[in-house]
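Welcome, and please open the structure in your viewer.

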Amino acid sequence: MNDYNWWQRAVIYEVYVRSFRDSDGDGVGDLPGVIEKLPYLQDLGVDAIWLTPFYKSPMVDNGYDVSDYDHVDPLFGTDEDFGRLVAEAHARGMKVVIDIVVNHTSSEHPWFRESRSSVDSPYRDWYHWTKTPTRWGSQFGGPAWHFDETTGEYYLGLFSAEQPDLNWKNPAVRAAVKEMMRRWAGRGVDGFRLDVISLIGKPDEPKDGAANAWGFTDWHWQVANAPEAHEYIRELHREVFEPYHLMTVGEASGVTLEESLKYSGRTREELDMVFQFEHVGLDGSETWKWTHGRIPVPQLKEVLFHWQEGLSEDGWNGLFWCNHDQPRIVSRLGDEGVYRERSAKMLATCLHGMKGTPFVYQGEELGMTNVVFSAVDELQDIESVNAYEALTSSGRYTPEEMLSILSEKSRDNARTPMPWDFGENAEAQVLQEDSVWSYYKELIRLRHENDCLAFGSFRRLTGVPDDVSAYLRVSDAETLLVVCNFSGETRELVLPEWKGAHRLIGNVLDSLFLETGQLEPYEAAIYSKA
Ligand code: GLC
């Protein structure tokens with residue numbers, strides 16, 4: 001395998017800067033903290049780090065509301081710290097991917113301040129303004145069209161009033177975004193994670209979709225993956241990604257397989273891969289994610305396998321269980337109790353056995369679990385706080401019910417500080433051969449060394465118990481079997497043709513699976529046959 005792009009056999013580690021490592025004791029993680037922990041990441045073996053936004057920001061959405069794209073927020077350090085981080089990561093053989101948030105800016109960005117100042121401002125058309133708003137609802141609650149007193153018109157903010165959406169139709173906006181991207185390329189970054197990039201194409205005539213539980217209407221059907229989004233991304237590819245050799249992964253909630261092939265198809269010249277969210281959306285309801293409920297394993301398998309099969313010839317999968325917007329996967333699909341470590345390893349095996357680029361979110365490699373929130377003031381996330389207000393004041397949930405739902409679903413579950421100290425924590429796990437951390441390290445090594453794991457085609461196995469996932473990876477020289485028991489009970493799967501195969505990795509010592517067909521609770525392994 002000589003002819004591939006670096007990211008095709010890479011594992012990328014997401015650093016949520018504000019809760020990764022606090023180097024100056026102010027209670028917030030920072031860039032010097034990331035530099036301090038580069039040896040830890042190098043030891044784990046990851047090829048690249050993705051840094052969440054560290055730009056100047058009023059922090060209404062923890063930095064996903066950027067008021068200055070070119071400079072580091074003092075909370076996170078200095079511009080020099082960023083330069084040092086890139087140099088030191090590169091010196092350790094790791095690439096740096098930054099988060100680019102250009103569907104919207106902060107309402108404090110000079111472009112928006114100008115835009116809202118007058119209908120005649122040269123920046124007026126950099127954002128979306130109207131006198132006749134639809135009843136679209138915003139992602140973080142309330143309407144998506146926000147009334148602005150200065151000019152008596154409404155502007156669009158699909159996420160919150162403090163995150164006005166840029167008008168990509170305006171060539172001046174696209175030119176400014178491209179220049180900003182080139183400046184970051186010039187500062188040595190190797191790639192971009194493009195925040196909600198599937199939303200940048202907006203309709204000329206916004207229309208109301210179906211009403212949601214709060215009486216607002218849906219816009220996704222008219223906005224997400226609009227043909228214009230593909231056009232704008234191709235322009236970015238041509239003028240920035242390609243000439244500056246940048247790796248790109250687009251966040252594309254609501255994306256279908258068909259759309260994903262457009263974004264990441266080899267001849268399309270758009271993105272290298274996207275994040276799709278079908279598998280982590282399986283535990284929602286009509287109140288979106290604000291409901292109890294576990295992801296059903298049979299549906300989960302169906303979704304994951306559908307994406308594996310659909311992108312087997314063309315396109316590429318961005319593989320993830322966790323990120324800064326998702327609850328912890330062990331709490332969600334594994335076991336927080338006696339099988340915490342084993343189930344964390346099982347989940348890792350299932351994901352890292354697939355074809356694509358696996359992403360590890362900070363703390364996932366330690367098997368971290370969700371938090372229990374017992375009061376609303378323990379929540380920081382704008383989405384969680386607003387949902388609490390909306391769903392308790394409307395009487396949909398009691399405060400107790402809502403807190404218990406938030407303990408399962410809140411984005412704050414992922415945003416607790418990395419536990420660096422000894423004990424159950426990072427530094428202890430690094431030293432233990434059988435820790436979750438060491439297991440991740442081994443999976444990452446396998447992806448680097450095993451061609452079949454990196455590039456082999458995917459084939460699902462049928463006739464498998466409902467809560468067991470089993471699939472093959474096939475190359476000319478080798479076949480791999482990846483088997484994972486998602487249940488806390490023993491399961492049976494007899495595969496005589498695999499008897500005597502070599503186990504590359506597994507989470508049960510002295511497993512009898514190949515001999516007896518018995519899978520222990522949460523057992524997982526990868527076997528190889530020449
Ligand atoms: C993406 C980010 C999320 C943010 C939102 C708005 O979904 O991952 O954290 O709140 O975009 O920028």
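A polar contact here is a pair of N or O atoms within 3.5 Å; within protein, one must be able to donate a hydrogen and the other to accept it, and residues adjacent in sequence count only if both atoms are side-chain atoms. This is a predicted model, where local features need pLDDT of at least 70, side-chain atom pairs count only at pLDDT 80 or more, and totals for chains, interfaces and linings use all residues. Residues are numbered from 1 along each chain as its sequence is written, and side-chain values use heavy atoms, leaving out hydrogens and water.

Start by selecting the ligand and E251: a side-chain N or O atom of E251 is 2.8 Å from a ligand oxygen. For R193, the corresponding distance is 3.0 Å. On its own the ligand has 310 Å² of accessible area (Shrake-Rupley method, 1.4 Å probe), and the protein covers 96% of it.

Next, select N413, in the loop between α13 (399–409) and α14 (426–431); helices are DSSP runs of H or I with at least four residues, strands are runs of E with at least two, and both are numbered from the N terminus. Is N413 buried or exposed? N413 counts as buried because its relative accessibility is 0% (buried is under 20% relative accessible area, exposed over 50%, partly exposed in between; 1.4 Å probe, protein chains only). Show its side chain: a polar atom there lies 3.0 Å from the backbone oxygen of S410, and one lies 3.3 Å from that of S407.
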